[in-house]
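Subject: Structure handover

Dear colleague,

Please find below the structure that I am handing over to you. A short account of the findings comes after it.

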Amino acid sequence: MTSFDTSPQLNVWRALLALAVVFVMLATTGWTALRTHPGTSALQASLSRWEHGHLHGHRLPDPDTAPGRLSRFFASLTAQERAALAARYPLAVGNMNGAPVELRYRANRIAIGQARRVERKRMHDPRLSPNGQQDAGRRMNRYEALLAKDRRFLAFDPGGSGRIAEVFGDLDKAERVSVVVPGVDTDLMTFQRTDRSYSAPVGMAAALYRTERTLSPATRTAVIAWADYTAPAGLGIDSATATRAAEGAVRLNGLVRALPGRSPVSLFCHSYGSVVCGLAAHTLPGRVSDIAVAGSPGMRVSNASRLRTSAQVWAMRDGRDWIQDVPYLEVGGFGHGADPMSSAFGARVLSAQGADGHSGYFVPGTDSLLNFAEIGVGAYHSVRCAGETEACRTGLSGTTMAGRA
């Protein structure tokens, strides 16, 4: 006779109990409604104009065509022709996978300037409520900050809550590329913070870039703060399901496939961002060498082999991170699967000493940031594993630095 402790009925009850915990969490934190966006955003309008545009009597190529074809199209143009297209269709060109990186930077700077002028007018629009005018002022100030000298944006969409991606370093000449994929509550207004700066994408990426440069000055690196997907707002229904992550995975795959060169790419996925990376893993090109997750609620698979990727999979979690109390399962579309920190999952488990909770993984001086940077420059044998185990280094190759003392 099967004992109750191992019976299928008990497993069902355990799953139902864990699911109930999820629903209690949702009830106490509030259900998050789907974000609404204008029917025709500025980006969609720019793309529509591009699709109906012509150059020298010829139609412009489909903006959704393969990046390689778009790259060849832009390469066939003169510098003046490329600049004219960026000025005429800034949002379309600025977000076009396949357009030259420097041209995207130029187009997005134009688009941000246009968005700033729109918000400046809205600040004094009598049709808006005082709260609406204040919101316009906050957005205008954010665009002012984005227009600071030497900032470079690979994506920008002011529609709805907004999407954006910023580059640190020289992406065209980089020997190693790192992409920071953030989690919930990421949008244009939270893209960077003055307080708790290392909990926002800009602070995360800037800290990673500085640390990579310090660890390996001879290695040409670039880091992308990638907030170019619509992340869930808060701990609600969106964050407990994979809908937003599935949309983000498509966009992340598009980004990586359009990156210049052939240098290795490492993904650093925080919180819900690890769900995005988990869903994207099997579609990503072979140049993705590493997928590292921190504070993960799960990657929508039962173990790392089911990610179907040749990339090395790394995981870390601070001992005070509240995410460890979220049920690691998936039932009826709720939850994100197994715990990447578990031995059964099969990730290489790293130390996160000093991270201090869910939002501190990119704080300078922490093991978590140092480990990320060492992965980012390919110094695999320098990483500090969790506990006393060396299993996270087994079978590694391609190290570029001596081990850390």
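The notes that follow cover the disulfides, the sheet and the helices.

This is a predicted model, in which local features need pLDDT of at least 70 and side-chain atom pairs count only at pLDDT 80 or more, while totals for chains, interfaces and linings use all residues. Residues are numbered from 1 along each chain as its sequence is written, and side-chain values use heavy atoms, with hydrogens and water left out.

Disulfides

Two disulfides are present in the structure (a disulfide being a pair of cysteine sulfur atoms within 2.5 Å). One links Cys269 and Cys277, with the sulfur atoms 2.1 Å apart. The torsion about its S-S bond is about -90°, so the disulfide of Cys269 and Cys277 is left-handed. Cys269 and Cys277 are both buried (buried means under 20% relative accessible area, exposed over 50%, and partly exposed in between, with a 1.4 Å probe and protein chains only). The other disulfide joins Cys385 to Cys392, and here the sulfur atoms lie 1.7 Å apart. The link of Cys385 and Cys392 is left-handed, with -85° about the S-S bond, and Cys385 and Cys392 are buried. With bonded cysteines counted along the chain, the pattern is 1-2, 3-4.

Eight strands form an open sheet with mixed pairing, in the order 3-4-6-5-7-8-9-10. Strand 3 (153–157) and strand 10 (348–349) stand at the edges with a single partner strand each, so one side of each has no neighbour in the sheet. Strands (E, at least two residues) and helices (H or I, at least four) are DSSP runs numbered from the N terminus, and two strands pair if DSSP finds at least two bridges between them. Strand 9 (residues 312–316) runs parallel to strand 10, and two bridges join them. Trp314 has Arg348 of strand 10 as its bridge partner.

Helices

Helix 8 (residues 201–215) lies across strand 4 (163–169), strand 5 (176–181), strand 6 (221–227) and strand 7 (265–270), and runs at about 170° to strand 6. Axes are lines fitted to C-alpha atoms, for helices over the stretch in contact, with angles from 0 to 180 degrees between N-to-C directions.

The axes of helix 10 (residues 243–258) and helix 11 (residues 273–280) come within 8 Å and cross at roughly 60°. The contact (heavy atoms within 4.5 Å) involves Ala245, Ala246, Gly248, Ala249 and Leu252 of helix 10, and Val275, Val276, Cys277, Leu279 and Ala280 of helix 11. Cys277 also belongs to the disulfide with Cys269.

Yours sincerely
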